[in-house]
Amino acid sequence: MEIRGSAIVNELRRSSHHALGKRTLDLALAYHDFLQNGETDALARLGFASPAQADIEAATRDNPRQIVTRVVEDLGRLL
């Protein structure tokens, strides 16, 4: 998934390639909550104080939400 200008998605991509673990799942869950409900508390606890404009725009589209849902499910099974 590519969302230009999203530090959150860049970190998800980086950690998926180099450091797959619980933090990746935690970040995916937090981003999922943001995309679905606009919740930012979990993102802030992980060091992402506020979503970028690109993330806000992504929350209005179905495709990013569907992809992050699959990522969360896959990570949950894997980890």
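**Figure 1. Secondary structure and overall dimensions of the predicted model.** The chain of this predicted model has 5 helices and 0 strands. Read from the N terminus, its elements follow the order α-α-α-α-α. Along the principal axes, the C-alpha atoms occupy a box of roughly 30 × 25 × 20 Å. The radius of gyration is 11 Å, which agrees with the value near 12 Å that a compact globule of 79 residues would have. Of the 79 residues, 39% count as buried. Among contacts in the chain with a separation of 6 or more, 57% link residues 24 or more positions apart.

**Figure 2. The largest nonpolar core.** This core contains 20 residues, and Leu27, Tyr31, Leu35 and Leu43 touch the most other members. Two or more residues are contributed by each of helix H1 (7-18), helix H2 (22-37), helix H4 (53-58) and helix H5 (62-78). The greatest contribution is that of H2, which supplies 7 residues.

**Figure 3. Surroundings of leucine 27.** Leucine 27 is one of the residues that touch the most other members of the largest nonpolar core. With neighbours within four places in sequence left aside, leucine 27 is in contact with Ile8, Glu11, Leu12, Leu43, Leu46 and Phe48. One of these partners, Leu43, is itself listed with Leu27 among the residues touching the most other core members.

Figure 4. Isoleucine 8 lies in helix H1. Its relative accessibility is 1%, and isoleucine 8 therefore counts as buried, the limit for that class being under 20%. Not counting residues up to four places away in sequence, isoleucine 8 touches Leu27, Tyr31, Leu43, Phe48, Pro51 and Asp55. The C-alpha atoms of isoleucine 8 and leucine 79 are 20 Å apart in space, and the two residues are 71 residues apart in sequence.

**Figure 5. The largest pocket and its lining.** The volume of the largest pocket is about 150 Å³. Its lining is formed by Met1, Val9, Leu12, Arg13, Ser16, His17, Ala28, Ile67, Val68 and Val71. H1 and H5 are the elements that give two or more residues to this lining, and the largest share, 5 residues, comes from H1. Sorted by class, the lining comprises 7 nonpolar, 2 polar and 1 charged residues.

**Figure 6. Serine 16 at the largest pocket.** Serine 16 is placed in helix H1 and is one of the residues lining the largest pocket. Because its relative accessibility is 37%, serine 16 counts as partly exposed. Between the C-alpha atoms of serine 16 and glycine 47 there is a separation of 17 Å, with the residues standing 31 residues apart along the chain.

**Figure 7. Asparagine 63 and methionine 1.** Asparagine 63 belongs to helix H5. At 47% relative accessibility, asparagine 63 counts as partly exposed. Although 62 residues apart in sequence, asparagine 63 and methionine 1 are 9.1 Å apart in space, C-alpha to C-alpha. Methionine 1 is also included in the lining of the largest pocket.

**Figure 8. Alanine 59 in the loop between H4 and H5.** Alanine 59 is situated in the loop between H4 and H5. Beyond its neighbours within four places in sequence, alanine 59 is in contact with Phe34, Leu35 and Arg65. Alanine 59 and glycine 5 are 54 residues apart along the chain, and their C-alpha atoms are separated by 14 Å.

Conventions:
Residues numbered from 1 in each chain as written. Predicted model: local features only at pLDDT ≥ 70, side-chain atom pairs only at ≥ 80, totals over all residues. Heavy atoms only, no water. Core = buried A, V, L, I, M, F, W, Y, C linked by side-chain atoms within 4.5 Å. Buried < 20%, exposed > 50% of the residue type's maximum accessible area, 1.4 Å probe, protein only. Helix = DSSP H or I, 4+ residues; strand = E, 2+ residues; numbered from the N terminus. Contact = heavy atoms within 4.5 Å. 1 Å grid on protein atoms, 1.4 Å probe; cavity = no way out; pocket = protein on both sides within 12 Å on 5 of 7 lines; lining within 4 Å. Points joined across faces, edges and corners; volume = space filled by probe spheres on them. Nonpolar A, V, L, I, M, F, W, Y, C, P; charged D, E, K, R; others polar. Rg over C-alpha atoms; globule rule 2.2 N^0.38 Å.
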